[in-house]
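Here is a short report on one protein chain. It starts with a single residue and then widens to the rest of the fold.

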Amino acid sequence: MFFKILPIMLLVSSIAYGQTTTPLTYPLNDAVKKVCNNLEDKFKAYKWGEAHCEYFDWINVRKTNAGTPLIWTAFGEEKSPAAANTTLVLCGVHGDEITPVKFCWDLMRELKSNHTFHNKMVVVAPLVSPDSFFKLRPTRTNAAGVDVNRNFPTKDFKSDAYKRWINTYRRDKRKYPGPYANSEQETLFQMNLILRYKPNKIITVHAPLTLLDYDGPSLRAEAGKTAKQVLEQMSEKSAGYKVSNYPIFPGSLGNWAGKEKHIPTYTLELPNSNPLESDKFWLLFKDAVIYAIEHPMKPTVD
Ligand SMILES: [Zn+2]
């Protein structure tokens, strides 16, 4: 069942970040409140200040198998034929990659306080894999031990995912693709956001490979022209950050959304997972990500 938490924006539109204010009564359900409390604890532990989770207008449909709500927030207008600029941003896909979660948070704050959204929509899921992020020692895989970025129903999943895990990765527990495609709620969550919003582009933030990767329509073909321009600009706007054609994997987002669904998919791999470097990464990549968000792209094939 679709359950939308009531808009909070109206309540807090006059509140600026960083201010200490009298707490308002937010219409968050108890499960989402728990996520927010856990986030506050992590923010504190990582010396990130306060999360102010309640400032955002959260939407929640599904939960992880452990019962944790998978939440997202949306800025701007629902897509219309004239407004073909919807961006989906995903962070915290791998729970032990700490800096991407803060990156999404900084982006949400920026979007909420400094942006107008004429003919544009940005959907942000800042914590795709909450159970692994919330662990005392965060892990790459979810509570069931599955890498939720190897669990998408790509055409090669059945034939290659398990085989590859055994032969290439020697059963590396960090890369287990799951018993079958889409076995994990966190994967279904990402997939359903894509099916629901039909984004014109996706930005997924990871760490620590220190590169910018692209999957989607060929950059050499007409369809990839804008995608290429955005990729080049993203690199230029982040001090020439390295662009690398990182391979796709059976069950990965780049494979499913980029290669098979033809949605330009940008993977920003931050330099490391050190929470103390989060501010630095936001400053380095802010303009690149805002540029990509601002830039309209042709509607993609669904
Ligand atoms: Zn990752």
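## A tyrosine in a loop

Y55 has 1% relative accessibility, so it counts as buried (buried is under 20% relative accessible area, exposed over 50%, partly exposed in between, with a 1.4 Å probe and protein chains only). Its place is the loop between α2 (30-45) and β2 (58-63). Helices (H or I, at least four residues) and strands (E, at least two) are DSSP runs numbered from the N terminus. Y55 and K112 lie 57 residues apart in sequence, yet their C-alpha atoms are 9.3 Å apart in space.

## Basis of the model

The model is predicted: local features need pLDDT of at least 70, side-chain atom pairs count only at pLDDT 80 or more, and totals for chains, interfaces and linings use all residues. Residues are numbered from 1 along each chain as its sequence is written, and side-chain values use heavy atoms, with hydrogens and water left out.

## Overall fold

The chain has nine helices and eight strands. Of its 302 residues, 54% are buried. Take contacts (heavy atoms within 4.5 Å) between residues at least 6 apart in sequence: 79% of them join residues at least 24 apart.

## Zinc site

H94 (ND1), E97 (OE), E97 (OE) and H206 (ND1) are the protein donors of the zinc ion, at 2.0 to 2.4 Å. Donors are N, O and S atoms within 2.8 Å of the metal (3.2 Å for Na, K and Ca); water is not among the atoms, so sites may look incomplete. The donor residues follow the spacing H-x2-E-x108-H. H94 sits in the loop between β4 (86-90) and α3 (98-114) and H206 in strand β6 (residues 201-206), so the pair ties together parts 112 residues apart in sequence. Both H94 and H206 are buried.

## Helix pair

Helix α7 (residues 225-236) packs against helix α9 (residues 278-294) at about 160°, with axes 8 Å apart. Axes are lines fitted to C-alpha atoms, for helices over the stretch in contact, and angles run from 0 to 180 degrees between N-to-C directions. That makes α7 roughly antiparallel to α9 (over 145 degrees). Q229, V230, Q233 and M234 of α7 meet A288, Y291 and A292 of α9.

## Backbone exceptions

Most residues other than glycine have a negative phi, and most peptide bonds are trans. A207 and P208 are joined by a cis peptide bond, with omega about 10°. P208 lies in the loop between β6 and β7 (211-215).

T210 is in the loop between β6 and β7. Its phi is positive, near 60°. K47, not a glycine, also has a positive phi, about 60°. K47 is exposed at 68% relative accessibility, whereas T210 is partly exposed at 33%.

Notes
Parallel < 35°, antiparallel > 145°, perpendicular 65-115°, else oblique.
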